[in-house]
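Please examine the structure below together with the report that follows.

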Amino acid sequence: MEKVREIWREGRRVGKEDPRRIVHAFKVGLALALVSSFYYYQPLYDNFGVNAMWAVMTVVVVFEFSVGATLGKGINRAVATLVAGGLGVGAHHLASLSGPTIEPILLAIFVFVQAALSTFVRFFPRVKARYDYGILIFILTFSLISVSGFREDEILDLAHKRLSTVIMGGVSCVLISIFICPVWAGQDLHSLLASNFDTLSHFLQEFGEEYFEETHDGDVKKVEKRRRNLERYKSVLNSKSNEEALANFAKWEPRHGQFRFRHPWKQYLSVAALLRQCAYRIDALNSYINSDVQIPMDIKKKLEDPLRRMSSESGKSIKEASISLKKMRKSSSSDIHVLNSQSACKDLSTLLKSGILNNVEPLQMIALTTTVSLLIDIVNLTEKISEAVHELASAARFKNKKKSSVSSEKTVPDSLSTGRAMPIKSHNDDDHVVTILCDVDLANNVDQSRGESSVDCHHVAIRIEDEDSVHEKHEDGEIHVHTSCVLCGQTNASDVLDSGNKRTSNN
């Protein structure tokens, strides 16, 4: 009885993990019940006879979880059966011309040659990836047709019935798979990649808190829970086989949703490979958090600011790439964080050259420099990931990011001129600067405007346009994002500053 309860619990767990599995089980049962009518229904049985069982066998071996896998297997089986059946009939006819004595010898030679050649071709990587099942069916069908034809007079009728039942079984699988709760391998790959982005982003953004936070006795359970959450990145390390299988199945799928027939699935694998490289660095980095050789906190604090910025900005860049992928929209937001992380690398280099670590013990120095080296590698990989996502966005024809605007109720003629640009720093951690073009008087009184004084500024709207934004890297290492400002009305300078900061933080 305990064994039955254990099986029940396992079944519930599998069903809750992915409810689509339950639906798939019902779909397979429906397909089998449908093709079984060829055997149960007398008129159909009279036409196909025992060959109707080939339809049942086709459903059993062809019906897969996703549409792409089912369609790929179905096409492979149908084409392989058609080609092998034609060649088998031809081989039988050719062998029969040589007389009853030589005929079995020639048939044996034909079977040997095609089986040997086909088996060797199965070792080709590209063939094995997409057509391995088709070649296997080709070997089976050719051998059955040519060998059974030696004892069967109606060889053409036999080949016709087998081909017909195989096609009917395959078509039943494909139609049920597509039109009843379809599972698209392409969508699964897309979601898996976005999930991997989020997983790595979470680790990098939380790394600073974990690495530089002092652990107290009362916080042990809390720290252990946080570390378990951080170690979710390990799922990315073992995702290669799943990603390649999904990409292979997705190539067979028709157009669905935002995914075209010739969607750049190969580019998805390129991005996934870069994510795995980043995950390997993160795995090594995580080992130093739990290392036996712990670096004193006072030494860590010397490099805290640049290291925090490197990990945080890299995580934000990967998060922006994830958002771009999920929404299937082009965005350059991740580039800003990449440049910020590179700026932090330069600040770190300056600190190290100043001799700030001259008095550190050798073992502690090795652990610290290894951590720094891994973070620099992650920053470089983040740049490559950002470029790969841009290439994917172009190849997949992602939509351009929507232009957002905030307008006031008051408008004036366009003849009003704008003055000099005034930088407004945001109060969040993004370290962005938005330049709003306002009246000349405001630019001349920047210092006063940050206090209580008010200055006439004709300001009505801030329009942030992703394509027209100009990213500049200044000497202070920060990234300035310039936007346009439509002038109108009269407002207080401090209100302009506050609205600029709010707008920056919202973006």
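## Salt bridges

Glutamate 64 is partly exposed, because its relative accessibility is 28% and the partly exposed class lies between buried (under 20% relative accessible area) and exposed (over 50%), judged with a 1.4 Å probe and protein chains only. Its side chain meets that of lysine 73 in a salt bridge, with 2.9 Å from N to O; a salt bridge requires a side-chain nitrogen of Lys or Arg within 4 Å of a carboxyl oxygen of Asp or Glu. Lysine 73 is likewise partly exposed, with a relative accessible area of 23%. This is a predicted model, in which local features need pLDDT of at least 70 and side-chain atom pairs count only at pLDDT 80 or more, while totals for chains, interfaces and linings use all residues. Residues are numbered from 1 along each chain as its sequence is written, and side-chain values use heavy atoms, with hydrogens and water left out.

The structure holds 19 salt bridges. In one of them, lysine 128 pairs with aspartate 132, and the closest N and O atoms are 3.9 Å apart. Lysine 128 is partly exposed at 45% relative accessibility, whereas aspartate 132 is buried, with a relative accessible area of 17%. Lysine 301 and glutamate 304 form another salt bridge, their closest N and O atoms being 3.2 Å apart. Here lysine 301 is partly exposed at 40%, and glutamate 304 is buried at 16%. Salt bridges with shared partners also link Glu10, Arg13, Glu17 and Arg21 into one network.

## A nonpolar surface patch

Leu30, Ile167, Val171, Leu175, Phe179 and Ile180 make a nonpolar surface patch of about 540 Å². Patches consist of residues with over 30% relative accessible area and no salt bridge; like charges are joined within 9 Å, and nonpolar side chains (Val, Leu, Ile, Met, Phe, Trp, Tyr) within 5 Å. Accessible areas come from the Shrake-Rupley method with a 1.4 Å probe, and for residues only the protein chains shown count as cover.

Helix H10 (residues 155–179) gives the most to this patch, with four residues. Helices (H or I, at least four residues) and strands (E, at least two) are DSSP runs numbered from the N terminus. Valine 171 lies in helix H10 and is partly exposed, with a relative accessible area of 41%.

## Cavities

There are three cavities of 30 Å³ or more. On a 1 Å grid over the protein atoms alone, a cavity is a set of points where a 1.4 Å probe fits but cannot get out, a pocket is an open set with protein on both sides within 12 Å along at least five of seven lines, and lining residues have an atom within 4 Å of a point. Grid points are joined across faces, edges and corners, and a volume is the space filled by probe spheres set on the points.

The largest cavity has a volume of about 90 Å³. Its lining includes Trp54, Arg77, Thr81 and Arg162. Helix H9 (132–148) is one of the helices that supply at least two lining residues, and H9 gives the most, with five.

## The largest pocket

The largest pocket holds about 600 Å³ of space. Of its 16 lining residues, the closest to its centre are Arg130, Ala247, Asn248, Lys251 and Lys266. Helix H8 (125–130), helix H14 (240–250) and helix H15 (265–289) each supply at least two residues of this lining.
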